[in-house]
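The entries follow in the order I worked.

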Amino acid sequence: MTLNIEDLQQIARIEKSKKDGFQHRINVCLAAGCLSCGSGLIKEALEKEVTRRGLDSWCKITGVGCLGLCAEGPLLSLPTSGSYYQGVQVSDVPEILDSLNGSPVARLVCPAETPFFQRQVRIVTENCGRIDPERIEEYIAEDGYAGLYQALTQMTPQEIIDQVSGSGLRGRGGAGYPTGLKWMSMAKAMGSTKFIICNGDEGDPGAFMDRSVLESDPHRVIEGMVIAGYATGANQGFIYVRAEYPLAVKRLRLALSQAERMGMIGNNIFNTSFHFNLQVRLGAGAFVCGEETALIASIEGRMGRPRPRPPFPVEFGLWDHPTMINNVETLANIAPIIRRGSQWFAGIGTEKSKGTKVFALAGKVVNTGLIEIPMGTSLRDIVFAIGGGIPQGGRFKAVQTGGPSGGCIPEQFLDMPVDYDSLAQVGSIMGSGGMIVMDASSCMVDVARFFMEFCMSESCGKCVPCRVGTRQIYDILGKITASRATMAEFTMLEDLCDLIKNTSLCGLGQSAPNPVLTTLKYFRDEYLAHIHDRQCLAGACKKAEEVL
Amino acid sequence: MAKISLATIWLDGCSGCHMSFLDMDERFLDLAGQVDILFSPLVDNKVFPDHVDVTLVEGAVSNDSDKKNIAIIRQQSTIVVAFGDCAITANVPGMRNRYPVEAVLQRAYIENAAPPQQRSNGQPSKEGISFHTVPQLARMARPIHECIPVDFFLPGCPPPPRAILYLLTEILAGRTPQMHGWTRFGA
Amino acid sequence: MKQHPPKKVRSDLNPSRLLTFKIDDRDVTAHEDETILSVARQNNIIIPTLCHLDGLSERGACRLCIVEVRGSTKLLPACVTFPRQDMEIITNSKRVINYRKKILELLFTERNHVCSVCVANGHCELQNLAVELGVDHVRYPYLYPRHDVDASHSRFCIDHNRCVLCLRCVRVCDEIEGAHTWDIMGRGMTSKVITDLNQPWGTSETCTGCGKCVQVCPTGALTEKGKSVAEMSKRRQFLPYLQMMRGRQGGSWQK
Amino acid sequence: MLAEGINPNATALPATSPAQDHRLRMVNRTMQLYRNEPHGLIETLHTVQESFGYLEEPILRYVAAALQVPLSRVYAVATFYHSFTLRPPGEHTCVICRGTACYIGGSGQILDRIKEKVGIATGETTADGKVSLLEARCLGSCGLAPAGVFDGEVTGKLSPEKVLEKIGRWQHHDPEH
Amino acid sequence: MAKTITIEPISRIEGHGMITIVVEDDGSIGDARFHVTQFRGFEKLCEGRPYYEMVSITERICGICPVSHALASSKACDSILGVHPPETAVMLRRLLNCGEFIQSHALSFFYLSSPDLLLGMDTDPEKRNIVGVIEAYPELARSGIRLRKIGQQVIELLSGKRIHAAWVVPGGVNAPFTAEHRDTIRQMIPEALEITTHTLTMFKKSLENFREEIQTFANFPTLFMGMVDKDGNLEHVDGRLRIIDAKGNIIADTVDPADYQQIIAEEVEQWSYLKFPYYKPMGYPAGIYRVGPAARLNVCNGCGTPLADEEWAEFRALERGPVMSSFFNHYARLIEILFCIETMQKLLDDPALLSPRIRAYAQPNFLEGIGCVEAPRGTLLHHYQVDENGLMTWANLIVATGHNNLAMNRGVLQVAKRFITGTEVSEGALNRLEAVIRAFDPCLSCSTHALGGMPFTISFRKRDGTLLQTL
């Protein structure tokens, strides 16, 4: 079946009127965070109770994607009244239904006027928590696939690329390469077979933006991919998702079959000559597969070991064909850019970093969860205004961005705007958007050791500096945290970081020392205290007995 | 050329490097005129001298007494030379590092000793053996530069005499030996 | 995935471009599809290598052949990097040499390379590299992992203690012999070359017993049985010949 | 063409019960989905693991032959990725998240205590085969740090005591104990 | 209150050792012990290695007698393979062994013991070393150095390297001998003979001066063990074991070294890393026996070479039965050097020496192998077990110094009782304590497969072991 614009509008109309037919709607967050607190049971209980009371046509219970404030789950939202409930238990269900016509249940109300909700600007997550990710109709009702329609029927590939370039969108996977440029070189690449890959191998510990997007609004990513395919001349796409995200995989697969049924993917999409196929591929637990060439290897069914670049994947990629890899969040930005124009997008953010960025805020911060903010928001705003500060009156120490390839940013840079270039300046990276707040109880050497342990066990083992060097660094950090290290070893630590950074094969190896380098830069005294005074300033490390 | 004082010592090694030192043959006679051998398995001093210009250390550091001694050597020597592969890489003694110390002792002193019923003293029991009076074995045999800073490295198993002679001659002449090309690991 | 663009067939109709550039301040000329390493070797400029072997696909993994390009801080592996017109390559800067030494030292710490009692003593590329690069001791602590020796094959023996994970064996087995008996299991420091389903070599169903893996191994990891210490020298003349005769494209082991 | 010895038809599988047939059917279906091409290997291994609980050697041989992938390559892939396991898991599995937020929140201490009290480290199963301990890189439940998965059920805000109690119950549920 | 004296390090020995002496309240000597202080664990560290690496691994037990270890090891490997090395290989190995005996005995005599013998036990310890000898007796020192060099050169010409060569292999040797090298060695023989006979004459003359040492240097009855050939003559490489008692009666003969476990067992004392082998039928510690140069000359019927035989007869005439004092080991060493030079000469004259058939090839055919040779310091046993792939599963090594361990301890006690009263130890007494150890020429690096070298301290200890004082 192939749709045209009228069909699309028709679906949207029906869907909206259906929604409007209900007096009340209750959205239950069914993203992984809330699900693990039992939100599935709450949804069930609500549905049962509504049926029992015979209110099926009056109140609609919808399972939706991530509402953001994961720490306070399970979360409900009541779009009709605009209020949120947090920490809901099954026993609260009757009371919630009772109060629908009156004032909300006070003890469950989650204050929505807080900066946490107010300061966010939602583009990527605009539908998160608002629509049922398992129904394509709800996506269409929110202008879904309108961008694709517009692109296929009214724009040339070049015009699309111009729009993307003009928007200033940069890759959200971490490095921040301008997306328009990437698309351009892909469009120019020679070859009749080309591939688009959506990189959903979100491996950074502490990052779960991609998971939330895929769980909450999978169609947005699909739409972005089809547009990308059209713009660059690719007819086959792969979405590479971590197997650790079973819910995301399930919803994505469901979304794919729905989109296929409606003709958003397949042959002659929207009655044009364009055809595009899409498959989901599972990762299997290898951080290194986030690296482009390793990811390609993994899709080919091999071990995910990076290979030297050049040649770049846009020339020699999947099965030697030109291949373009975009991050989930990057692709989720495409449809709105097409729909609303590059100027709109370019109006958000800073001069060199446009648009918004989704962050997974976690660690020692009151409001942990998913946030989307304009580029250029200061760290202080993120941690203290949006995040609500440090719990139990703790003292802020540092914020870690960019996962194992990123770095720890100390207090003195709290007023720094968060954008690609400012983060790079202080030695960290944007990364995919994990943001871990640490308070005075965290020992920075121990944190560095934690990341090094990660890098060591995630090293693919192909090149020597990364394979052996990370192990040597890890051992030294272990000795430092155990207060057994010497200055000679400390010097060796710095030397090894430099070696790995400059000689590793892939970007992952090259950035592996970053957590050590930034902590060395900003928290050197903590290292030295372990060595000279044999003590941990944060009181987190245990001294080890001298072994013969 | 001023006379220099020399010490040689061996820790956990086979003495092959010392033998290679003697393999300088008659050149040893010339050398004997230019250096004072203050401490060595070849001479009778019991105490490491307060100050030595050059100390050649053969062997790996593999027990608590080695650890103590190597620190004294470093403190009281101007130049410390890691003499041979055992001192530099732990070499063959380091091959035991793959096994826990207990297993190594177990093999030699329990499995490979007369069965207890044939013993008169019945001492070491099957449960284990614990040595006293003698130094305690470290968990691993280690190269000396993992314990102390080392000035020159003379690899080889053993290092060839000409390399030893070159090193000492350069030091005697007040120059910095450039060991590149004179010897190698496992030579 | 190819390691590098496939070699074009040179003919009058499809001439490959000639480039001029500099290596260590010497003007050199090369075809655009020749790696920096091969151009350097043609000009008697020595760049140390370990995972590279003429006749096998390139891997770019050991990082010993890194070189500097004037005007860039990035270091490039000479074995998989192709020159550009007017590029200025430096193969022997202090910086590069220092890095090479450290990488080699890391390799020495990774496993148990006891040169003195190794069957390849005196014929070992790792040992030679130490001489070439002036590594007379290893600054990093030795890790002393416990690895096994697999002597189950009737004629050959693999000692994982001496393996440097260059994967020449894997490549020659796949690309030249066509058996793909070898591959590499695990990742990071736990990587290990294996035969078939990580079973004793002697029980491998796919091994043809050709022994090419033994001949290409740079160290004493893969050896002929019964060769005593320092007796194991390797023969490799057959490699480029076989590659030519079998007409296979390098890089197929990755598939 | 692959060697005779690893021809799919010649590869002996363990005597199959109907239940195993079903599990094999799942594997075959996945392979067919990828037209028995080598690039279906990872997906196939996922199915094997789902159906059999772990990657059994005979199945690996079977898959290698069917997808025309060398045996060593199959093993390499199976050991490269952390999701795959070659050993049968315990009756119950406890996964502790080692994501950054969980680490900051104390998951390291939880693991230490399990090692100390239950005597198993990550990747190991108790001697009685009851409990396997695993680590996850990040469950993506950072808001609930420290988090873990107990027999498939994600639980947040863990403490060493809570975890030990849970494991203790698993271990001693057996009437024999 | 009993006190203990510790001597550490013991110097001018090959390795690491320490002496402790327990002094009773009345000033008499209660006990004296010789401790071997280092341990290297060869029996474990070779586990998992292929059998054909054992020759080189065990060579690293000792830098002085690597050849003996190479020979014992290769013989053990020969029997794992189940092969007889070709005749030429057997001869070449024997030639190599001669080189080693010459260099090792020369080292022991000239470098380590001559300071005592020439300068006297009571001279200034600062001077009492090879450098002192060089100054006082430059000609003798030079000839000692020359003699050791000749031995080392023989080894080098055969195997390509003086120390830790990898020429001896399971099944034979790995490179044939050349006529050129043969001739070079031939040219060295006259000088070697000259030095040896000259030194022997001189040594015999000086015996008068050491009456007291001869009396006390482990001068007590024990068993003796050594290897003899099929005629009962002195043998170093391929022979059978013979044990005699203190009266000279043969109590075990033509024992195949492969059956060593029937005659030898090892005991462990927890104050020394060196085990205590003993003659099994007599039990521990009654089965005390000695090995080494004097023991070999005691057990054999003769040397089988003319010059050495003459000297042997003279040596045996020292006493009615076996020569008891270990001091005479110095003497025996010189006789053995003579024997080796003569043996070399005989071998070099045999044209078969240049044959290219030098190695037997085989896969491991047996899972166990035992190799035995006479090392300069005494009988050396290598006992290996391998798995069916030829990887080592188990090893036991009994080195010369180990055999002598009981005797050395008793010798130390004997000297202590004679030369020490109270805790006042004179320099000379101290040195004699070491010299008795030196007379055995203990190869402590060998023993530190089980032993090694921060040479000697003497410590005074109470009976309960608490340290009183260390010298």
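**Entry 1, domains of chain C.** The domain bounds I use come from an automatic or database domain assignment. The model is predicted. For chain C the assignment gives domain 1 (18-92) and domain 2 (98-239). I looked up how far apart they sit: their C-alpha centres are separated by 25 Å. I then checked for contact, and found 21 residues of domain 1 of chain C touching 23 residues of domain 2 of chain C. Between these two domains about 1700 Å² is buried, with 64% of that area from carbon and sulfur atoms. On the domain 1 side, C:Leu50, C:Leu56 and C:Leu64 lose the most area, together 36% of what that side buries. How many salt bridges cross the interface of domain 1 and domain 2 of chain C? I found zero.

**Entry 2, chain C against chain D.** Next I went to the contact between chains C and D. Chain C brings 18 residues to this contact, and chain D brings 14 residues. The buried area comes to about 1400 Å², and carbon and sulfur atoms give 58% of it. Three residues, C:Arg187, C:Leu197 and C:Glu205, supply 46% of the area that chain C buries against chain D, more than any other three. I counted salt bridges here too, and there are two between the chains. One of them pairs C:Glu205 with D:Arg61, where the closest N and O atoms are 2.7 Å apart.

Which chains share the most contacts? Seven pairs of chains are in contact, and among these I noted B and E as the pair with the most contacts. Chain A and chain E have no contact, and their closest C-alpha atoms lie 15 Å apart. Chain D does not touch chain E either; there the nearest C-alpha atoms are 22 Å apart.

The largest cavity holds about 160 Å³. It is lined by 19 residues, and those closest to its centre are A:Ser459, A:Cys466, A:Cys506, A:Leu508 and A:Gly509. I sorted the lining by class: eleven nonpolar, five polar and three charged residues. In chain A, α19 (444-458), α20 (464-481) and α22 (507-511) each give at least two lining residues. The largest share, three residues, is from α22(A).

Conventions. Residues are numbered from 1 along each chain as its sequence is written. Chains are lettered from A and ligands numbered from 1 in the order in which they are written. This is a predicted model: local features need pLDDT of at least 70, side-chain atom pairs count only at pLDDT 80 or more; totals for chains, interfaces and linings use all residues. Side-chain values use heavy atoms; hydrogens and water are left out. On a 1 Å grid over the protein atoms alone, a cavity is a set of points where a 1.4 Å probe fits but cannot get out, and a pocket is an open set with protein on both sides within 12 Å along at least five of seven lines; lining residues have an atom within 4 Å of a point. Grid points are joined across faces, edges and corners, and a volume is the space filled by probe spheres set on the points. Helices (H or I, at least four residues) and strands (E, at least two) are DSSP runs, numbered from the N terminus. Ala, Val, Leu, Ile, Met, Phe, Trp, Tyr, Cys and Pro count as nonpolar, Asp, Glu, Lys and Arg as charged, and the others, Gly among them, as polar. Contact means heavy atoms within 4.5 Å. Buried area is the accessible area (1.4 Å probe) that two parts lose on being put together, summed over both. A salt bridge is a side-chain nitrogen of Lys or Arg within 4 Å of a carboxyl oxygen of Asp or Glu.
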